[in-house]
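Dear colleague,

Please find the structure we spoke about below, together with a short account of what was found in it.

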Amino acid sequence: MSGVTLAIIAAALFGFQNAAARRGVITSTPLQGMIITVPTVVPLLAVVCYCLGGFAAVQTWPYQTYMFAGAAGVIHFVIGRFSNYNSMQALGSTLSTPIQQLSTVFSLFCAVTILGEILTGLNIFGIALVSIGPALLIAGRRQYASREVGTTFVPDLKRGILHGMVCIVGYGGSPILIVLALQSASGLASGEKLVETYLSGETFAHSSAILLFSYIFASACVVIMGLQSNGFNSLSSMSREGLRWFLVSGLMIAVSQVFRYTAFALAPVSVVVPIQRLSVIFRLLFNWYLNRQYERIETKIVIGIILSVFGAVALGVDTTVALNWLDPNPVIYSILNWRL
């Protein structure tokens, strides 16, 4: 199974869990959601890690791998997810999507500056497309902050955008740390390709173990947050509906992350991250079906989201292959093939 296929599966599962989490934050707090979705899936991931040989793989890890795995877990599952829950609670899933799409741009920036990947004119075009959605949201902020007939939801734009910007760093920076962890575990220098095949089982072993340790570090942070903020005591008053939806979301996240971490071992960041952005299509569909009453599904925003998907593809596709397939005129070819 290729890294592209794994990334698509992860995107579909992530789209569904987003709709489940959106339903959860309607009746519960983001911190309650964190407590339910982060520590509770560690036993499941431990079983997956054991079955894939992850516990044997960690015996060969240098200390850098643990550091990168832990940092990836904290930045993604603590900072990114907590901000994501707050942003969804304030804006709804649909309105928060354009802002979170900018995490693709942040990932590409980190991939270029840290991993030595190449930025092309086509990538810059993709950045422009991804930026359309947030621009439409900001331009129509007064319209979106008003009540809409047929819904019970009024977005809080200021709070939602603020948490969305933090989410960009969390979700955009974690892929780089995952790749650095995989490279250190495999004994590769930064910038070298991961060339192991999944048939050997070694790639799955390392990726499953990195995912487990990411969750362990993140769970420790969530436990500290819960103890300091009285979050565990508040679980007794948590609504059954919120508990149910967060449990579903947590399970789907864990499964999707297994596919996601393995995809990073089999394909470059610049390929996996844009494919995962396709999860916004699944997010739109599932939220339209499950949460229509609690969403602001505006035509302009949906168009911006769809354009951002094309932008994400432009950010991740191999520029030479894409341009040879499109066969544009020489002027456009030279502009899109420009390299930094």
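Which backbone oxygen lies 3.0 Å from a polar atom of the side chain of Ser208? The backbone oxygen of Ala205 does, and this is a polar contact, that is, a pair of N or O atoms within 3.5 Å, where within protein one must be able to donate a hydrogen and the other to accept it, and where residues adjacent in sequence count only if both atoms are side-chain atoms.

Before the rest, please note that this is a predicted model, in which local features need pLDDT of at least 70 and side-chain atom pairs count only at pLDDT 80 or more, while totals for chains, interfaces and linings use all residues. Residues are numbered from 1 along each chain as its sequence is written, and side-chain values use heavy atoms, with hydrogens and water left out.

To stay with Ser208, this residue belongs to helix H11, which covers residues 202–228 (helices are DSSP runs of H or I with at least four residues, strands are runs of E with at least two, and both are numbered from the N terminus). Ser208 has a relative accessible area of 7% and is therefore buried (buried means under 20% relative accessible area, exposed over 50%, and partly exposed in between, with a 1.4 Å probe and protein chains only). Residues up to four places away in sequence aside, Ser208 touches Cys49, Leu52 and Gly54, where contact means heavy atoms within 4.5 Å.

Asn123, found in helix H7 (residues 121–130), has a relative accessible area of 3%, so Asn123 counts as buried too. Its contacts, leaving aside neighbours within four places in sequence, are Leu108, Ile118, Ala314, Leu315 and Thr319.

As for cysteines, Cys110 is buried because its relative accessibility is 9%, and Cys167 is buried because its relative accessibility is 1%. The disulfide count is zero, a disulfide being a pair of cysteine sulfur atoms within 2.5 Å.

Taken as a whole, the protein has 18 helices and zero strands, and 54% of its 340 residues count as buried. Among contacts between residues at least 6 apart in sequence, 87% join residues at least 24 apart.
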